[in-house]
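Hello,

Please look it over before reading the notes below.

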Amino acid sequence: MRVSGPLLSFFVPLFFAGPALAQEAAEEGSGTASVDAWVDSIVGPVTTPFVDFVFAQIPGTDLPWIVLWLITAAAIFTVYFGFVQFRMVPHAIQLVRGHYTSPDAAGEVTHFQALATAVSGTVGLGNIAGVAVAVSVGGPGATFWMILSGLLGMASKFTECTLGVKYRTEYEDGRVSGGPMHYLKKGMAEIGHTTLGKVLAVCFAVCCVLASWGGGNMFQANQAHSQLVVITGGDASFLADRGWITGLVMAVVVFLVIVGGIKSIARVTEKLVPFMGVLYLGAALVVIIANIDQLGAAFAEIFEGAFTGLGVAGGLIGALIQGLRRATFSNEAGIGSAAIAHSAVQTRHPVTEGFVSMLEPFIDTVIICTATALVITISGVLQQDPATGLYVWDEAAGQIATANDLSGVELTSAAFGSRITWFPYVLGLAVVLFAFSTMISWSYYGVKAWCFLFGDNFVSELIYKLLFCLFVILGAAVSLGAVLDFSDASLFAMGIFNIVGLYFLMPIVKREMTSYIAKLRGGEIPKYAKTASAGGSVA
Amino acid sequence: MAAEIFLVAYDGLDRNPVDYAATRAKANGAALCLVHVLQWSPYAFLTPEELEERKMRRRQELERAKTALVDPVVAELQAAGLPIESEIRFGSPTAVILEVAAEKGACQIFVGRSSKSGIENKIFGSVTLGLAQAATIPTVIVP
């Protein structure tokens with residue numbers, strides 16, 4: 001099967017190609033391709049400077065500065081908070097299990113719920129399609145950097161989610177809203193940087209709105225469509241080149257949920273997503289266990305590839321960039337999005353949600369992304385030269401050679417399919433559900449940012465939501481390279497403004513953490529026995 | 001000696017267990033404790049919007065349960081001269097009812113026959129069956 005035009009043009013911008021895109025679209029020759037090229041030609045010149053700025057490479061290297069910016073911040077937070085992500089994980093698990101939740105708080109948002117919602121927003125195509133990109137372009141070694149980025153990213157999440165709870169806004173009617181817009185504005189004002197705080201908050205909100213349309217929406221719709229085409233017969237499928245059908249159906253469902261307020265659909269998805277997550281992980285484990293003899297070799301390749309590249313074009317740097325970039329895209333640590341979901345939790349100590357939020361990059365990146373990478377590596381879909389053990393580089397595709405030139409979600413699907421023949425169908429369902437739940441979460445993040453900019457009223461919210469639905473159709477139907485490039489850049493740009501704020505506000509987080517840990521050690525934080533209201537049973 | 005306490009599990013719809021328990025309490029000189037449970041699991045999955053509104057909804061749910069369901073019944077029985085108190089809590093109904101029974105030192109539980117006949121009850125069992133199985137004090141199932 002050939003890589004579809006839309007798929008390529010969605011992924012190509014994700015790893016730094018530009019002009020090839022319009023050409024690719026033009027070669028496609030179909031109606032949508034010419035629309036794509038037309039939109040690209042209009043949007044491109046306006047957005048290119050911004051995209052070039054965000055993904056500019058550090059002189060003399062291939063490393064985009066934004067990746068270094070995020071990973072440096074994660075490393076600084078890790079050291080500044082004394083490796084909090086390793087010390088406090090057992091306590092985070094106790095918090096999630098409700099050991100520190102007062103029975104009086106029954107009916108309020110629990111740590112578990114805030115975490116579960118944040119995880120369903122994060123676990124998505126990044127874990128399935130993104131990892132395939134990382135491993136096929138950066139080699140298995142990219143996995144090592146992904147794991148490292150996940151572990152360091154836990155400290156970034158800790159910082160932003162603690163602040164998210166601390167500076168949230170509790171309205172009179174009982175609604176609770178938080179996130180970077182709130183802590184950048186309020187937190188920075190508290191330490192005397194009112195104007196800078198406002199500027200950061202506005203810039204963050206603008207990027208958040210754009211990212212919610214792109215990475216949180218169009219990318220998801222596009223990849224969901226791609227997988228639906230695979231399972232309905234590939235190029236011969238009825239859906240092939242009819243992305244607008246998938247897009248329209250998804251847009252209608254999204255419309256029903258976010259505009260029509262039909263919460264039951266969202267609720268069903270929210271219940272199915274964890275189930276699909278467990279099923280996905282279970283299938284990965286089945287593949288790994290069935291090939292347990294290759295597990296050692298796979299890990300050896302991950303470690304060796306991390307430092308040599310194992311034949312990948314970019315070598316060490318190639319593996320590093322892909323690993324860090326796809327991991328960040330997947331776990332969103334330092335980006336600020338998760339702080340919005342985490343901030344509604346019921347707790348007396350904001351730092352407790354910070355601890356809990358650390359589990360998110362761990363589940364997302366260290367566990368799920370690694371499982372995907374192992375399956376791809378073990379399955380043998382990436383072609384290796386038997387003589388040298390190096391991977392065969394496909395210059396034209398810009399990635400490791402694969403049977404049928406697969407990439408993205410299709411590659412992951414083929415890797416699972418090579419061991420469990422029926423799994424691509426389950427994966428198809430999982431991809432659609434993950435895409436859907438990510439869209440619901442991002443539509444919420446986006447609307448919060450939008451209302452921060454344009455006012456919290458019905459009309460402004462409705463305009464945003466209608467645009468959001470429109471982008472679902474566009475995402476699945478056409479390959480808007482320049483638009484998506486821009487939105488991908490916006491996602492990472494959220495991290496620029498968020499992290500500047502985090503540097504200013506991290507002493508506040510440290511004070512919160514130190515005082516909480518002292519109280520915890522001194523036995524001042526009450527631990528509760530399981531009660532019926534907290535989900536236990538007295539029977 | 002303090003009066004015996006009869007606990008009534010009141011779902012807000014079925015008055016039969018309340019009325020029957022009131023009659024028995026009067027005859028025995030016992031006090032009533034009316035328990036209404038708002039179904040809630042700390043492990044339920046919510047959308048980001050539901051997270052935002054949770055505190056507000058909780059307030060509304062409690063308010064509604066109090067003013068529309070529980071308080072009118074309490075007032076009516078109080079007016080009839082019965083000593084009565086009420087509890088409204090969030091949680092899993094069976095477990096919460098048993099918890100309140102233990103806290104109050106109730107000597108009997110009155111519960112209606114399962115009003116729902118949905119598939120949920122067939123799979124997970126009803127509150128009534130749960131109480132019948134798990135209660136450590138006599139439980140009266142009122143048709």
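In this predicted model, His36(B) stands opposite Ile88(B) in β3(B). To get from β2(B) to β3(B) the chain passes through α2(B), a right-handed β-α-β crossover.

What sheet do these strands belong to, and in what order do its strands lie? The sheet is open, with five strands of chain B in the order β3-β2-β1-β4-β5 and parallel pairing. At its edges are β3 and β5 (139–142) of chain B, each of which pairs on one side only. From one strand to the next the twist averages 25°. Helix α3(B) packs on this sheet, where it touches β1, β2, β3 and β4 of chain B. The direction of α3(B) makes about 150° with that of β2(B).

Elsewhere in the sheet, strand β1 (residues 5–9) of chain B runs parallel to strand β4 (residues 108–112) of chain B, with four bridges between them. Here Val8(B) is the residue opposite Phe110(B) in β4(B).

On the interface: 35 residues of chain A are in contact with 29 residues of chain B. On the chain B side, α2 (48–79), β3 (84–91) and α3 (93–104) each supply at least two residues. The largest share comes from α2(B), with ten residues. By type, the side of chain B that touches chain A has 16 nonpolar, nine charged and four polar residues.

Chain A is built from 22 helices and four strands. It has 539 residues, of which 59% count as buried. Among its contacts with a separation of 6 or more, 79% are between residues 24 or more positions apart.

Which residues touch the most other members of the largest nonpolar core? They are Phe204(A), Val431(A) and Val472(A), in a core of 171 residues. Helix α20 (residues 423–454) of chain A gives the most to this core, 18 residues. Leaving out residues up to four places away in sequence, Phe204(A) touches Pro180(A), Met181(A), Leu184(A), Gly336(A), Met494(A), Phe497(A) and Asn498(A). There is also a second, separate core of 30 residues, which includes Leu7(B), Ala25(B), Leu34(B) and Val73(B). As background, nonpolar side chains tend to be buried together in soluble globular proteins.

Phe83(A) is not a glycine, yet its phi is positive, near 55°. It sits in the loop between α4 (65–80) and α5 (84–87) of chain A. Glu332(A), also not a glycine, has a positive phi of about 55°, and its loop runs between α15 (315–331) and α16 (337–342) of chain A.

Is each of these two residues buried or partly exposed? Phe83(A) is partly exposed, because 13 other C-beta atoms lie within 10 Å. Glu332(A) has 30 other C-beta atoms within 10 Å and is therefore buried, the cut-off being 20 or more.

Regards

Note on methods. Residues numbered from 1 in each chain as written. Chains lettered and ligands numbered in written order. Predicted model: local features only at pLDDT ≥ 70, side-chain atom pairs only at ≥ 80, totals over all residues. Contact = placed C-beta atoms within 7 Å. Nonpolar A, V, L, I, M, F, W, Y, C, P; charged D, E, K, R; others polar. Pairing = 2+ DSSP bridges. Right-handed = clockwise from strand over helix to strand, strands pointing away. Axes fitted to C-alpha atoms, helices over the stretch in contact; angles between N-to-C directions. Buried ≥ 20, exposed ≤ 12 C-beta atoms within 10 Å, placed from the backbone. Core = buried A, V, L, I, M, F, W, Y, C linked by C-beta atoms within 7 Å.
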